[in-house]
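Please read the following account with the sequence and the coordinates side by side.

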Amino acid sequence: AVSGRVSIVYYVDDTGSDSNNGLTDSTPFLTLQQAIDTAVSGTPATISVAAGTYTDHTVNVNESNLTIKGAGSSSTIFDCNTTNKGFMSITASDVTIKNIKIKDYNFTSASTTSNGYGGGAIRVGAVPGTATIDTSISGITITDVYFEDNSTNATSGDGGAIEVIMQSGSNTTTLTVNGCTFEGNRAGTSGSYVDYMGGAAIMVKAGGTITVNNSLFFDNITDYRGAITVWTSGTATINNSTFYDNKGYSAHSSAIYNYNSTSLTVNNSILYNSYKSGSTLGFDINDSGGSSIDINYTLTRDYDDDFSGAQIDSYTSTNQGTSPSFTDAANDDFTLQSGSVAIDAGSSATATADDINDLTRPQGQSDDLGAYEHANTWDGSESAAWATAANWSENIVPVAGRSPIIANVDTNDPDITTNVTL
């Protein structure tokens with residue numbers, strides 16, 4: 001006998017029709033909202049969105065136990081073609097969004113309800129126009145989503161890409177972000193300092209708890225503070241993530257800004273070249289109070305050294321100001337060059353199981369910092385013997401579960417004389 005509930009699959013395609021039943025890839029719906037409305041809350045369902053470009057907006061995911069997945073962030077693209085429209089609100093628990101790109105969604109200054117129009121791409125907790133909630137929402141997961149050029153310029157607009165809406169009571173909201181990229185998102189679009197336009201990529205407000213794993217943040221801009229801003233009574237944990245060239249127009253802007261949060265923890269990450277006042281290099285992590293700040297095995301150019309209640313480990317303090325040696329940051333390649341101080345520098349206690357490209361960690365002696373694990377590469381520098389550590393860039397012989405690169409070298413191609421399992 002078969003026990004449990006079988007997940008229903010609904011299909012969406014940019015050539016579909018909302019008069020279809022959506023139950024096969026040959027009878028798909030046209031719009032994502034039609035698929036959501038057809039699903040039954042609490043009954044496990046997956047919405048499979050085919051490759052294509054979609055212009056859906058103001059989508060409300062109000063059904064629980066729902067997964068929305070695309071064909072990949074370079075293939076399934078939601079691209080806003082209008083103004084003052086956000087993409088999605090998630091107002092139910094146990095929702096997963098994965099494998100899509102969300103770009104150019106925006107709230108403008110025409111939206112004047114204070115704190116009601118943050119999260120140009122995704123609002124977690126409430127539909128546009130609602131500033132606070134008092135209902136717990138849990139199990140929200142966003143995986144392998146590319147957020148590009150989303151913005152909010154509404155009154156007290158926070159979270160260019162994502163906002164976790166403020167809880168007005170004692171309830172909570174939990175969100176996990178895995179393997180996502182945030183590029184060019186904006187909280188505020190004036191190009192000057194504006195109070196309370198925070199979180200260029202993500203804003204976490206009271207009652208919100210967010211965990212960010214293996215994610216990349218670059219070229220995000222805020223008129224206030226923070227590519228990620230953790231507001232009063234919010235909680236954030238950042239693991240194995242990379243931040244570069246994020247900018248704010250406040251004198252206190254930083255890549256991660258902590259404003260009286262309950263807790264901020266940063267592990268195994270890289271934060272570099274964060275700008276304040278528009279064009280001046282500033283702190284990569286900054287705060288305005290907070291009950292707990294914990295930074296471990298993290299490489300920064302500079303961080304505020306007078307955090308209240310801060311725990312900064314010796315690796316972070318010793319290596320402050322050391323370049324991470326990205327492969328080609330000018331062309332948005334944030335992988336690590338051989339010899340980077342970030343390679344083999346992480347703690348296995350907090351390292352993620354794989355990296356932003358699903359490469360298993362560790363590949364070398366230990367886990368690397370940042371979103372990208374550096375692949376162990378054959379160089380044959382000593383001999384042709386596969387099992388000789390010195391023939392590998394990370395000075396370790398690959399074992400099962402690793403994904404080494406077998407480079408085309410001038411001499412000493414690898415000679416495998418015994419069984420090898422990878």
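Burial is judged here by relative accessible area, where buried means under 20%, exposed means over 50% and partly exposed lies in between, computed with a 1.4 Å probe on protein chains only. Helices (H or I, at least four residues) and strands (E, at least two) are DSSP runs that are numbered from the N terminus. The model is predicted, so that local features need pLDDT of at least 70 and side-chain atom pairs count only at pLDDT 80 or more, whereas totals for chains, interfaces and linings use all residues. Residues are numbered from 1 along each chain as its sequence is written, and side-chain values use heavy atoms, with hydrogens and water left out.

Strands count as paired if DSSP finds at least two bridges between them. Strand β2 (residues 45-49) runs parallel to β5 and is joined to β5 by four bridges, with isoleucine 47 standing opposite isoleucine 68 of β5. Strand β8 (residues 95-103) also pairs with β5 in the parallel sense, over four bridges, and here threonine 67 stands opposite threonine 96 of β8.

The charged side chains come next. A salt bridge is taken as a side-chain nitrogen of Lys or Arg within 4 Å of a carboxyl oxygen of Asp or Glu, and a search of the whole structure finds seven of them. In one of these, aspartate 104 meets lysine 103, with the closest N and O atoms 2.8 Å apart; aspartate 104 is partly exposed at a relative accessible area of 27%, whereas lysine 103 is buried at 16%.

Another salt bridge joins aspartate 158 to lysine 205, with 2.9 Å between the closest N and O atoms. Aspartate 158 lies in the loop between β13 (151-152) and β14 (162-164), and lysine 205 in the loop between β19 (202-204) and β20 (208-213), so this pair ties together parts that are 47 residues apart in sequence. Both aspartate 158 and lysine 205 are buried.

Arginine 361 and glutamate 373 also meet through their side chains in a salt bridge, at 2.7 Å from N to O. Arginine 361 and glutamate 373 both lie in the segment after β37 (333-336), 12 residues apart, and both are buried. Salt bridges that share partners join Arg123, Asp158, Glu163 and Lys205 into one network.

Where does serine 168 sit? Serine 168 is in the loop between β15 (166-167) and β16 (173-178), and its relative accessible area of 52% makes it exposed. Leaving aside residues up to four places away in sequence, serine 168 touches Thr132, Ile133 and Asp134, a contact meaning heavy atoms within 4.5 Å. The C-alpha atoms of serine 168 and aspartate 134 are separated by 5.5 Å, although these residues are 34 residues apart along the chain.

Finally, the cysteines. A disulfide would be a pair of cysteine sulfur atoms within 2.5 Å, and a search of the whole structure finds zero disulfides. For cysteine 80 the closest cysteine sulfur is that of cysteine 180, at 19 Å, which is too far for a bond. Cysteine 80 counts as buried at 10% relative accessibility, and cysteine 180 is buried with a relative accessible area of 0%.
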